[in-house]
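The following explanation is meant to be read alongside the sequence and the three-dimensional view.

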Amino acid sequence: MKDSLFTVARSLVFVVFALVLCALVFQFAGYNALTMLWAVADGAFLRSGAIEQSLRWALPLFITAVGVGISFRAGFFNIGAQGQFYVGAICAAFAAEAFKGGPAFLVIPALILSGMLGGALWALWPGLLRLRSGTDEVITTLMGNFMAGLLLVYVTSGPLKDPSGSGQQASSRPLDAAYRISDSLGLSPTIIAIAAAVGILMWLLVNRTAFGVLASLAGRNGTMVEWQGARLWKLGLSSFLISGALAGLAGTIEFMGPNGRIASGFLPAHGFTAILIALVANLSVLGTAAAAVFFGGLASAALYLPIMAGLPAAAIDIINAAIALFITARSKFVDRVLRLGGRPQ
Amino acid sequence: MSNASKPALECRDVTVKFGDVTALSDIAVSFVPGQIHAVVGQNGAGKTTFARVAAGLVQPSAGAVYVMGEEIRTGHVDQSRAAGVELVHQSFALPPSFTVAEAMEFGATGKGGIYSRKGLVEKWRAHLASLDVQVDLNRRIRDLPIETQQGIEIARALVMDARVLILDEPTAVLSPSGIDMLFARVRRLKERGVTVILILHKIREVLGIADTVTVLRGGRKVEGPLPIAEVSAERLANLIVGDAIARTLDRHERDALVGTTSPVGEGAGHLEHKTAPSVLTMKAVSTRPDNEGIALDGIDLEIRPGEIVGIAGVEGNGQKTLVRAISALADLANGSIRLAGEDVTGKPLAARRAIGLRIIPFERNVEGLSLTSSLWQNWSARELLQGSLLKLIRPAAVREACDRSLKEWSVSYHNSAQKAGSLSGGNAQKVILAREVDSQARLIIAAQPTRGLDIGATAFVWQALRQARDHGAAILLISSDLDELFDISDRVVVMLSGRVNGEFRAPFDIASVGAAMTDAAARTSA
């Protein structure tokens, strides 16, 4: 309990540090820092309707981030969430073409499954390369992001191209309204239910199954678990597949929900924000939920700032970057400041 | 030689603290030049820290170090070196892929630059020859026997005209004949006027080589330097162990713990196991070569229930591969393995563990425990792996079971959520015992189970293994400490170059076991 309180305190401390740093940057850039931060808070949570907007961004981020957390726990730095997110959406879009005209109660689950399979597939090959021949998964998953981004350009301007598109941004043909799981606002009971189911299942997996304990041991010391008789590749590959499937699911939700189509280069920072969320949450499932709401708020504020407050949306990028900066430095810098941690982990 | 009356090395009130732990407190000791000085004590007594202070690798928090009467700045390796103090570490630091000549050149001078192989060979040949290190200077370090590697380490330390040479546990990795060679070499260094400080932990060795002995216990100097003629093995043993503990150990156990005399073992005399069907049967087992150690070459081995079989051998002769082969962590090229009557040759470790295989692995902190994970996770790993991965568990119940088990094994800890890395070596080993020694255990592999443990913890581990044996488990004990092997084994099997090179029964003869450890021709059987 004390440990988890410490973890929460630590996460909050670096978010606060990041905001202080941002305030300095805003001030030097010629804005009033307090006005800016207030506008961000207003845009994220305070104005009416802000909470719904923030949740719209938070739920898909949460789903991807929980998956990222699973693979990080098992010791695999799968930073390919963005690519898995894209490939999931692409597979769901192809499935939508294939199942066109079918009854919604069958097609909707089929699309969701296709999206999850697509994401899992995009995690499978880096996973196999890592576990069979030791190829660094950081490199392969990062490359996978670029490949998926290009694949998205190709399918939206090739096989799935919307002929009536404006030409500014290539996109797929819109999904039939019957198969949409939300309107363009992006918050619906279905999406909330999916996110809740993911949250509960993943919490059980991490905290209440043998898999959770063993994967966490394997992530910290694979050799030890091997000497206990575990097959590392089984634990590792399943973690990879779960994280890929969840990123794919988030992509599918974006496709079937608010967007209703896939467009070349849509939501290019989703996967990376999810990694940030998982790290801020220290890989805990509950923490991920809280952090996802926070970052969802920032995402929603990014849209609000230029329109409603006349302030640059880049402010949000700066906040994200500052948080990332402090997370990278967390164990050394923040622990030293807090002086609570005892020995480093 | 105006310095002759001044001590070669002197420490005044040296105290070393690592965080909250005091590794050395108020050590005051001075060593007469030109003699062989032994520093002894059990694990954790502060011997290595003492050596590292003298060599400038550790900065003491208080105190001063003098070499030949001159005070040196502490905590600076170059200062200690300039003053003529050299340290040869417990684990050798020669780059395995270098040739002997390259290791000498770059290890000793640390300079880079353009060189010719031939030039280096010429340059170092005389130096090595003068120290009786007979070796082809073009051979690579990794291809050399351990005694020769040690000789090169010593030669390397003596390049800079060292006046004080400290050898940290130089005998730990050697066979009995290797130890004789080392001691002969040390005596020749003494003749050349070098002051040698030997960190040792066997009384037998101290009495065999040293002129004086200094005893450390718990970071304090207990006694010394005493002229060797003035101490008996008996007194030295009590000094090392401490009177309080000495009274609780039986004489036999204490002698094995501190290596007083040449051990013979009594043989536990458990005869009933001779007829029982064997727990482990290895027939002509050979493994495929891999980069984790030398391959097994036609190993035949049989262990019956209620029997402790010790594996002796100089480290690196296939002991680790043997353990990995039994644990399904090395690929077999040939042969078969039967465990508790079942052929497990192609079966994975989980299946072997299910029928009673238990492993106390070589590297406690790597293979045995995940130091950054909690105690209960470490403790429960074996059982969790026996069921389905998706089986639901209740962590509170697992933690309760863990608490019960750890209490039973008298582990001292705060709560089961604390990280395994926060335990001392002895307690960490008890956690492993709690996990691996249960009533379903049929074959327990104990690989260097007491390495790095203090005397109390060592005796505890021995007791645990004996108890498991008495309950009918078969035990395979791998150790590089012959005293340990002889004290608790019923049978000792010697490994050399991946083969079995002799099998012995109690009473053990150290000379013939030692011969089998080094000499391939001596296929003796007692």
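Predicted model: local features only at pLDDT ≥ 70, side-chain atom pairs only at ≥ 80, totals over all residues.

Residues are numbered from 1 along each chain as its sequence is written, chains are lettered from A and ligands numbered from 1 in the order in which they are written, and side-chain values use heavy atoms, with hydrogens and water left out.

In chain B, an automatic or database assignment gives domain 1 (1–84 + 162–225), domain 2 (94–161) and domain 3 (272–518). The centres of domains 2 and 3 of chain B, taken over C-alpha atoms, lie 38 Å apart.

Strand E7 of chain B (residues 164–168) is a DSSP run (strands: E, at least two residues; helices: H or I, at least four; both numbered from the N terminus). In E7(B), 5 of 5 residues are buried, that is, under 20% relative accessible area with a 1.4 Å probe and protein chains only (exposed: over 50%; partly exposed: in between). Val164(B), Ile166(B) and Asp168(B) point one way, and Leu165(B) and Leu167(B) the other. In a regular strand, side chains alternate between the two faces of the sheet.

Strands pair if DSSP finds at least two bridges between them. E7(B) pairs in the parallel sense with E6(B) (residues 85–88) over 4 bridges and with E8(B) (residues 195–200) over 5 bridges. Val164(B) is the bridge partner of Val85(B), and Thr195(B) in E8(B) is the bridge partner of Val164(B).

In chain A, Val20(A) lies in helix H1 and is partly exposed, at 47% relative accessible area.
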